[in-house]
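Thanks for coming, everyone. Please look at the screen while I bring up the structure.

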Amino acid sequence: MTVYWLLSVPAHGDGHVAWRDVKSRVGDAEVYDFTLPQFKIGTLDTLVRLSDELAKFDASYENITVKFIDTLRNLTNATNSTLATHLLVEDKSVDQYIRSFSWNNSKYRVDRSLPEIVGQIADDMCAIDSSLKTKLTQYNAIKNSLATVRRKQTGNLSVKSLDGIVTRENCITDSEYLVTAFVAVPKNLTKEWANAYERLTDMVVPRSSKKIAEDSEYVLYSVVLFKRVLDEFTTKARDARFIVRDFVYDEEAMARDQLKAREIVEQEEELLDNIAEWIKGSFSAVFSAWVHIKALRVFVESILRYGIPPDFLPILVKPSPKQAPKIKHGLAEFYSYLETSTRASDRAKSAGKSSYKRQTDDSAFDMHEFSNVLSDYTPFVFFELPWTFLDSD
């Protein structure tokens, strides 16, 4: 199970020392740079509002990412290992992309305000998600049509198409008064059919019933009767649990139906291939947008937690699942001094970081007050980036 951690810890003016502090406390966990650009910070109100919005976008985009993966899996029946080779982000595997993340400034320009950047990402994701819904709606419509065709071809004799089962020789086609009806009779009622069909209505031709086909459930019989009593015969037959099929032998209609069935099969295959390729191509934008939202959360929460000017170190950590709780607890203990801004200042002074500036009373947050009610609270900025969607088959 692969889960990455996005951490942000105070740098106290020396990112190398902050890196060393984290590295020394995560054991054998993999540690990577997670460099962020210098964003326009904006006002405190803006940051607080963005904090709430980013949390919602984070959860939403994780769901969209999962939807893309599940949809491709369901469409192609591919194994997770096969999916991993198709789901690339900027021509890299997901793990490679996460470990080498670099802010895409050409797409999300940092000379814009944070709300503008978030709005652009939201617009992009909304467009992609809407496109997926539209494509799936189209595919499901074709799939339903295909299911109808296959049901007619594969059901029992009471429902399946009789094209290819009934031949011209089985039908009276040139009579002004007579018609051939085709009746699906349950196998346990064949004797009842033989004894009763002539008396279901008047004007049934005696001894005209002939066996056409059978399957595991039904026997298909033909019977000749006058056209004027067909509706009455159908009703009486239904009452006796005999099913008169709605069928008229028409070679041109059969040819049209067969052509339509082939077209539906071809359309379904073509649309499936198109959607699968589109998902593979769009996954890069989806996953990249999600990680960019994670990056923005790290920045915004770091400013709210540690104050300005920005003096923090964002880090990517990949812990082993077994060691993760122990590592997280160790980091929380080491950075417990951050639970109040005063203690953070004292820690910086004792470390001789003259560049560290004491937070003002207005910007200080006593996170210790919330630690008792927030079970996932850590004194440092902490977010998980799970990549468990393609765990081993």
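Start with a term. Two strands count as paired if DSSP finds at least two bridges between them. Strands of a sheet pair through backbone hydrogen bonds, either parallel or antiparallel. Keep that in mind. Note too that this is a predicted model.

Now the overall picture. The protein has 393 residues, and 44% of them are buried. It holds 10 helices and eight strands. Look at contacts between residues at least 6 apart in sequence: 80% of these join residues at least 24 apart.

What is the order of its four strands? Reading across, we get β4-β5-β3-β6. The sheet is open, and the pairing is antiparallel. Which strands sit at the edges? They are β4, residues 210-214, and β6, residues 243-244. Each of these pairs on one side only.

Take β4 and β5. They run antiparallel, joined by four bridges. Lys-211 has its bridge partner in β5, namely Tyr-221.

What lies across this sheet? Helix α7, residues 230-239, lies across β3, β5 and β6. Its angle to β5 is about 145°.

Last stop, Phe-226. This residue belongs to β5, which spans 218-226. Together with Tyr-177 and Met-203, Phe-226 makes a nonpolar surface patch of about 290 Å².

Definitions and conventions: Residues are numbered from 1 along each chain as its sequence is written. This is a predicted model: local features need pLDDT of at least 70, side-chain atom pairs count only at pLDDT 80 or more; totals for chains, interfaces and linings use all residues. Side-chain values use heavy atoms; hydrogens and water are left out. Patches are made of residues with over 30% relative accessible area and no salt bridge: like charges are joined within 9 Å, nonpolar side chains (Val, Leu, Ile, Met, Phe, Trp, Tyr) within 5 Å. Accessible areas come from the Shrake-Rupley method with a 1.4 Å probe; for residues, only the protein chains shown count as cover. A salt bridge is a side-chain nitrogen of Lys or Arg within 4 Å of a carboxyl oxygen of Asp or Glu. Helices (H or I, at least four residues) and strands (E, at least two) are DSSP runs, numbered from the N terminus. Contact means heavy atoms within 4.5 Å. Axes are lines fitted to C-alpha atoms, for helices over the stretch in contact, and angles run from 0 to 180 degrees between N-to-C directions. Buried means under 20% relative accessible area, exposed over 50%, partly exposed in between (1.4 Å probe, protein chains only).
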